[in-house]
Each structure stands twice: as structure tokens, then as C-alpha cells.
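Please keep the sequence and the structure in view while reading.

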Amino acid sequence: MNGNYYNNPTFPGTSLNNGTVPNQQSVPSYEANIFPAATDEQSYIENILRLNKGKVGKFHVTIPSSNDWRDKIFTGVIEQAGRDHIIVSNPTNGEWYLILMIYLDYVTFDEPINYIKQF
């Protein structure tokens with residue numbers, strides 16, 4: 001039925017269906033300069049937001065399960081940015097917002113933003 005996979009699974013480095021074992025020559029190699037080093041910033045939203053920490057932005061979010069918060073704009077200063085969230089402070093009213101990236105549509109700024117172009 002399932003080819004006895006669960007009784008005899010094939011694991012990486014074991015024989016393939018044609019009886020060969022993969023080696024280094026069969027694995028594609030990538031030159032080191034194609035990918036940035038692990039310590040370099042990469043072009044992900046959280047990294048772009050980190051580069052613009054301290055700037056005021058308008059954070060356009062959509063929360064589909066809420067009628068009151070379906071289309072909401074938070075305005076404030078970028079305090080921190082993580083992989084799944086942004087922390088924004090609003091100096092005009094003293095509020096702080098924890099915005100989940102899953103709800104973020106886009107961000108607008110009234111000034112040029114910082115961005116690493118080496119990608």
C-alpha cells in the first residue's frame with residue numbers, strides 16, 4: 001500500500017532506489033559570495049525596520065477576524081522589531097503598541113528610509 005515505507009524507511013546517506021549513495025560531487029555547490037554572511041543584515045522586513053529604528057512610521061494592519069480592527073493604522077516610532085512583531089511607541093499619546101507581523105500590510109514613512117542594497 002505505501003511501499004512498506006514505515007517498515008523500511010530510507011534515510012539520507014543510505015542507498016537510493018538505483019543503488020547509488022549520494023556524495024559531495026552530486027550535491028550542488030554555491031559560491032560563498034552569492035549569499036551574505038550570517039552576520040550581515042538581510043532584506044527581511046524585521047531587518048529593514050531595525051535599520052529604521054527611531055523613525056516615525058504609519059503601520060497599516062488588517063485583522064480579518066475583527067470588525068473594529070479590520071483596517072487600522074498605528075502611527076509611532078519604531079522601538080524594536082523582531083521576526084514576528086514590531087514594538088511602536090506613540091509620543092503624542094504615550095501609548096505603546098505590539099504589532100504582530102502576520103497582520104502587517106505595509107509601512108509608510110514621511111522621510112527616506114535606510115536600506116541595505118547589497119542583495
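Helices, of at least four residues, and strands, of at least two, are DSSP runs numbered from the N terminus. The model is predicted, and its chain has one helix and five strands. In sequence order, these elements give the pattern α-β-β-β-β-β.

**The chain as a whole**

- The chain has 119 residues, of which 22% count as buried.
- Among contacts between residues at least 6 apart in sequence, 45% join residues at least 24 apart.

**The aromatic pair**

- How many aromatic pairs does a search of the whole structure find? The search finds one.
- This pair is formed by Phe74 and Tyr97, and its geometry is tilted, with 4.8 Å from centre to centre and 55 degrees between the planes.
- Phe74 belongs to strand E2 (residues 72-81) and Tyr97 to strand E4, so the pair ties together parts that are 23 residues apart in sequence.
- Both Phe74 and Tyr97 are buried.
- The ring of Phe74 also has a charged group over it: the charged end of Lys72 sits there, 5.6 Å from the ring centre.

**Gly76 in strand E2**

- Strand E2 also contains Gly76.
- Is Gly76 buried or exposed? Gly76 counts as buried because its relative accessibility is 3%, and buried means under 20%.
- Not counting residues up to four places away in sequence, Gly76 touches Lys55, Val56, Gly57, Phe59, Val88, Ser89 and Asn90.
- Gly76 and Tyr97 are 21 residues apart along the chain, and their C-alpha atoms are separated by 8.6 Å.

**Val56 in strand E1**

- Val56 is located in strand E1 (residues 56-61).
- With a relative accessible area of 42%, Val56 is partly exposed, a term for values between the 20% limit for buried and the 50% limit for exposed.
- When neighbours within four places in sequence are left aside, the contacts of Val56 are Thr75, Gly76, Val77, Phe109 and Glu111.
- A distance of 9.7 Å separates the C-alpha atoms of Val56 and Glu79, which are 23 residues apart along the chain.

**The nonpolar surface patch**

- Which residues make the nonpolar surface patch of about 330 Å²? The patch is made by Leu98, Leu100 and Ile102.
- Leu100 counts as partly exposed because its relative accessibility is 38%.

**Strand E5 and the segment after it**

- Asp105 has its place in strand E5 (residues 104-109).
- The relative accessible area of Asp105 is 46%, so this residue is partly exposed.
- Asp105 is in contact with His60, Val61 and Thr62, leaving aside its neighbours within four places in sequence.
- The C-alpha atoms of Asp105 and Ile73 are separated by 10.0 Å, and these residues are 32 residues apart along the chain.
- Where is Asp110 found? Asp110 lies in the segment after E5.
- Asp110 is exposed, because its relative accessible area is 76% and exposed means over 50%.
- Although Asp110 and Lys58 are 52 residues apart along the chain, a separation of 8.9 Å is found between their C-alpha atoms.

Note on methods: Residues are numbered from 1 along each chain as its sequence is written. This is a predicted model: local features need pLDDT of at least 70, side-chain atom pairs count only at pLDDT 80 or more; totals for chains, interfaces and linings use all residues. Side-chain values use heavy atoms; hydrogens and water are left out. Patches are made of residues with over 30% relative accessible area and no salt bridge: like charges are joined within 9 Å, nonpolar side chains (Val, Leu, Ile, Met, Phe, Trp, Tyr) within 5 Å. Accessible areas come from the Shrake-Rupley method with a 1.4 Å probe; for residues, only the protein chains shown count as cover. A salt bridge is a side-chain nitrogen of Lys or Arg within 4 Å of a carboxyl oxygen of Asp or Glu. Buried means under 20% relative accessible area, exposed over 50%, partly exposed in between (1.4 Å probe, protein chains only). Rings of Phe, Tyr and Trp (its six-membered ring) pair if their centres lie within 6.5 Å; planes under 30 degrees apart count as stacked, over 60 as edge-to-face and the rest as tilted. A charge sits over a ring if NZ of Lys or CZ of Arg is within 6 Å of the ring centre and within 35 degrees of the ring normal. Contact means heavy atoms within 4.5 Å.
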